[in-house]
Amino acid sequence: MLTERYKQGKLHAYKLICRIMKRRQDVSPNTDFLTHFYNIMHQGLLHQDQDIVNTIIKHCSPRFFSIGLPGATMLILDFIIAASRVTACSSLNAPRVEAQILLGSLVCFPNFYGELPALHPTKADVVLTKFPDVKEHIIKTILTSARDEPSAPARCVALCSLGIWLCEELSHGTQHPQIKDALNVICVTLKYPNKSVALVASDILHLLISHVDYLQKFPPDTPKKIVEGVALYHTAPCLLQLVVSLLLCLLDWVMALSPKILLQPVQTRSPPERDQPTKTLLSCIYKVLHGCVYGAQSFSSPKYYPLQLSDLLSPDYDPFLPLESLREPEPLHSPESERSSKLQPVTEVRSRIQQGLVSIAARTVITHLVNHLGHYPMSGGPATLSSQVCENQDNPFCESADLGPELFHSPNLQFLVLNGSTLLSVLQIRSESGVPGGGMTAGLSSAPACVRVIIRDVAGKHSWDSAVLYGPPPSSPTSPVHTLSTHTQSPHSANLHLRASPGGPPKKMELKREDSQEEGQEEREAEEGGRGMEGERQEPWAEGEEDRDERQVGEEEKEDEEQEEEEEEEEEHRMDREEDPGDLCLEQILAPPLAKRVCREAVPAWDSLSEGMPLNIPAPPPACVSEKQENDVINAILKQCAAEREFVLHRGEDLNMRAVQQTEPETQTPQSAFYYCRLLINILGLNSWEKRSNFHLLRKNEKLLRELKNLDSRQCRETHKIAVFYVAEGQEDKHSILTNTTGSQAYEDFVSGLGWELRHLGNDEVHIVWSEHSRDYRRGIIPTEFGDVLIIIYPMKNHMYSIHILKKPEVPFFGPLFDGAVVDMKILPTMVRATAINASRALKSLIPLYQNLYPLLNPTQTSHSYEERARYLETIVQHHQEPTTFEDYAARVYSPAPCTHLPADTEEHSVMYLMVPKPVDSFNLLRVKGKGLKQKVLHASCECLIPDKGNMYVTDRHLINMDISFAV
């Protein structure tokens with residue numbers, strides 16, 4: 001052993017040997033060399049001198065375990081212990097980031113290898129021992145670093161390692177007990193004061209959405225707790241970029257959860273207020289978004305947002321988990337980059353939209369939830385978020401294949417603006433017929449037309465069709481007519497006859513059967529018996545009426561009246577026992593008043609509810625009402641009842657007392673081409689005076705159409721341009737790489753797992769390179785001014801994948817993958833996709849005033865889709881909103897444009913208006929021109945307005961025969 005005098009030389013020797021061995025070699029070193037090398041590394045990692053340990057960790061990281069040296073896994077425990085020593089020391093000059101990278105590159109090894117044979121970390125001798133608890137050593141150190149690491153870059157790497165480990169465990173279904181601790185650390189880090197650390201935690205939570213099904217098993221309410229935590233952290237004072245990131249994360253989490261979870265009530269420690277409905281998770285989410293749109297002042301009120309951080313406290317989650325503060329300032333990125341140096345110095349002027357970026361993002365999330373929650377993905381696939389339906393489609397008054405000026409003359413279409421931020425196109429179209437499954441109405445009885453509402457807002461374009469549903473179709477087994485006929489016509493056809501006394505309302509409904517010719521003698525006898533019983537039924541009714549005529553109201557006649565009612569009830573019970581039981585059941589169905597009366601009186605089982613007193617016995621009078629007052633009221637009621645009976649008895653036969661039989665009115669098809677649209681607008685309350693200030697018409701001109709087309713061409717979602725390359729063995733030039741038409745099976749599986757649309761290669765700032773070459777991929781192989789970030793994937797011999805990331809120094813940190821990470825194929829596509837998107841976002845964040853100025857400086861790039869759409873919508877509303885009086889607005893909503901009739905409809909109910917400049921002798925002289933008038937009208941009802949001498953108009957209606965020639 002060398003003395004302390006040669007320490008610097010020893011450190012330099014360790015540095016050189018580590019740099020040599022972590023490079024990818026064309027030829028693998030021989031066994032003797034590797035044995036000597038591993039022995040040196042084993043001795044150095046266990047050395048008491050912390051400088052030697054720091055040197056090995058710094059220069060072996062990040063690729064020592066990714067190059068696939070034979071037997072390298074023997075040093076896993078040595079590196080874990082050494083990295084733990086580095087993270088536990090107090091010096092900020094120690095290689096803390098390199099130690100976290102080494103630990104993070106090992107998180108997938110335990111599941112892949114199981115029990116790893118490794119050198120014992122406490123013995124200097126070379127002795128292999130199997131260690132089943134390697135995973136526990138790794139995750140314990142990473143969890144501690146994610147909470148207590150004083151360096152911001154090192155803590156970001158620790159959080160990324162924690163995210164990779166979570167995805168690994170969830171995808172393999174291990175149900176490791178420390179998954180709860182890892183989730184707790186990540187959720188609590190969302191409110192960390194350092195922006196970079198909090199953004200990494202937000203990205204990790206976004207990544208876990210892909211494993212929401214596994215999270216529901218460990219424990220089941222884990223996704224709900226995560227969403228509650230994300231929603232709560234919007235209420236805390238945060239940086240603008242972090243709030244927008246959390247809003248987008250919240251949107252994806254809500255879309256991934258099932259309605260059963262979203263409608264679960266939130267659990268609060270404070271008792272709920274009386275008469276207050278239960279707060280569900282979805283309602284709390286909407287309240288958070290509402291607060292982000294209009295300001296967070298309401299969050300301090302528990303009535304508005306009842307959930308607090310203390311409500312999330314549980315045995316599995318601690319929202320107040322302490323996190324150590326950082327001990328170094330957040331690194332500032334130099335603006336002297338190649339791209340930023342080309343920008344002109346610009347004075348930052350915050351426009352109204354820029355000041356409300358959080359409000360716009362929150363409104364975007366709300367509209368996405370309203371339009372897509374429960375309806376995603378649509379038939380176009382998950383890549384389709386914006387509707388492709390336009391106003392000219394299915395429009396009988398428009399034959400153009402594109403938006404054209406003829407739309408302004410369509411009487412079934414109106415353009416409106418709601419709340420100054422949403423464009424509405426309300427269109428009346430014909431109902432679908434002959435569609436399998438009934439189409440939109442599912443085969444129910446509906447109106448002949450339906451209403452289509454096309455919405456354009458910050459989240460895109462959405463199309464909703466609505467129809468008036470009257471009920472089941474007439475031929476449906478569940479329709480009321482079919483159900484009634486089933487009861488009355490089986491097994492024999494029957495007609496219902498209502499028998500009633502002429503002096504009063506019907507007391508019973510009786511069933512009379514009409515015999516068919518095929519019925520036998522027995523059925524006719526039974527029918528005669530039934531008719532005989534009908535005659536008997538009339539006697540008690542008549543007898544009762546005579547008795548009622550003799551009885552008058554008074555206290556002295558009350559006993560006679562009760563006796564008569566008892567006799568009447570006995571007679572009715574006797575007839576009921578003689579009736580057919582089937583007829584009796586049908587009578588009970590068709591006579592609800594009688595059924596109600598019987599049910600009201602037969603309540604012996606409820607007698608115990610009122611201290612043994614039957615419920616049909618009047619209750620005692622209130623204490624404030626004397627017996628005399630009660631008797632006076634009873635006598636007045638009985639007197640009035642007797643007077644009504646007497647009037648009916650003596651005047652009931654008069655013709656003016658009998659109601660004329662009414663037939664069911666026939667439905668008439670509305671003639672207006674905008675009738676159902678007006679109906680829907682009225683139902684939604686948009687025609688009210690209160691909504692007048694928020695609901696306006698749009699000025700119709702060709703400029704409006706051009707701007708609508710421009711708005712529809714804008715993306716409604718965040719887009720990134722990312723290139724994917726395949727490098728086969730031996731390919732080191734641009735031509736051979738770009739001429740690859742296929743790749744290996746592993747590469748094809750990886751590309752399919754990305755789930756991206758393939759696009760034309762060019763101007764891509766992020767490159768994903770799949771390299772199966774034995775040498776490292778170099779940045780200059782494909783020369784380009786772009787490609788600021790390269791994510792290189794190297795397949796390893798053990799079927800795992802090493803990640804190498806090259807980026808320019810000014811690019812901020814992004815994750816979840818980092819340079820030196822090692823993952824398996826189960827999580828590789830998800831990890832690479834998330835890393836590439838975060839890299840693209842990090843690059844865009846370097847552009848000063850990116851949202852407002854960068855699209856003008858470089859047209860190949862676009863800003864956030866919702867910000868851009870918000871600007872276009874604001875421009876359209878400012879230029880085309882038409883100020884009108886309420887009367888003009890109502891008239892335009894009532895009739896958007898003059899209309900003669902709906903084309904291709906039957907001429908039976910058509911209405912035609914002709915203005916004749918002077919009287920004509922014959923209607924045959926009239927010639928009418930118009931679109932859609934294709935048939936001759938042979939018979940019509942003519943209604944003329946003829947001026948009289950007093951300058952008034954008199955209507956002259958008569959039926960004429962006319963032959964009008966239509967020139968189409």
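Guide: In this predicted model, a residue counts as buried when its relative accessible area is under 20%, as exposed when that area is over 50%, and as partly exposed in between.

Visitor: Why is S840 called buried?

Guide: S840, which lies in helix α28 (residues 828-844), has a relative accessibility of 4%, and because buried means under 20%, S840 counts as buried. Leaving aside residues up to four places away in sequence, S840 touches H720 and V766.

Visitor: What makes L679 partly exposed?

Guide: L679 has a relative accessible area of 30%, and because that value falls between the cut-offs of 20% and 50%, L679 is called partly exposed. The residue belongs to helix α24 (residues 675-683), and together with Y675 and I683 it forms a nonpolar patch on the surface, with about 270 Å² of accessible area together.

Visitor: How do you know that the span of helix α30 is close to the one expected?

Guide: Helix α30 (residues 865-880) has 16 residues and reaches 22 Å from its first C-alpha to its last, while 22 Å is expected at 1.5 Å a residue. Its buried residues include Y866, L873, I876 and V877.

Visitor: Which residues have the most contacts inside the largest nonpolar core?

Guide: That core has 176 residues, and those with the most contacts inside it are F79, I164, L205 and W253, while helix α8 (residues 152-172) gives the largest share, 12 residues. Not counting residues up to four places away in sequence, F79 touches M41, L45, I56, I57, C60, F64, F65 and L102. A second, separate core has 18 residues, among them I455, Y676, L680 and L686.

Terms used. Residues numbered from 1 in each chain as written. Predicted model: local features only at pLDDT ≥ 70, side-chain atom pairs only at ≥ 80, totals over all residues. Heavy atoms only, no water. Patch = residues over 30% accessible without salt bridge, like charges linked within 9 Å, V, L, I, M, F, W, Y side chains within 5 Å. Areas by Shrake-Rupley, 256 points an atom, 1.4 Å probe, with all protein chains shown as cover. Salt bridge = Lys/Arg side-chain N within 4 Å of Asp/Glu carboxyl O. Helix = DSSP H or I, 4+ residues; strand = E, 2+ residues; numbered from the N terminus. Buried < 20%, exposed > 50% of the residue type's maximum accessible area, 1.4 Å probe, protein only. Expected span 1.5 Å × (residues − 1). Contact = heavy atoms within 4.5 Å. Core = buried A, V, L, I, M, F, W, Y, C linked by side-chain atoms within 4.5 Å.
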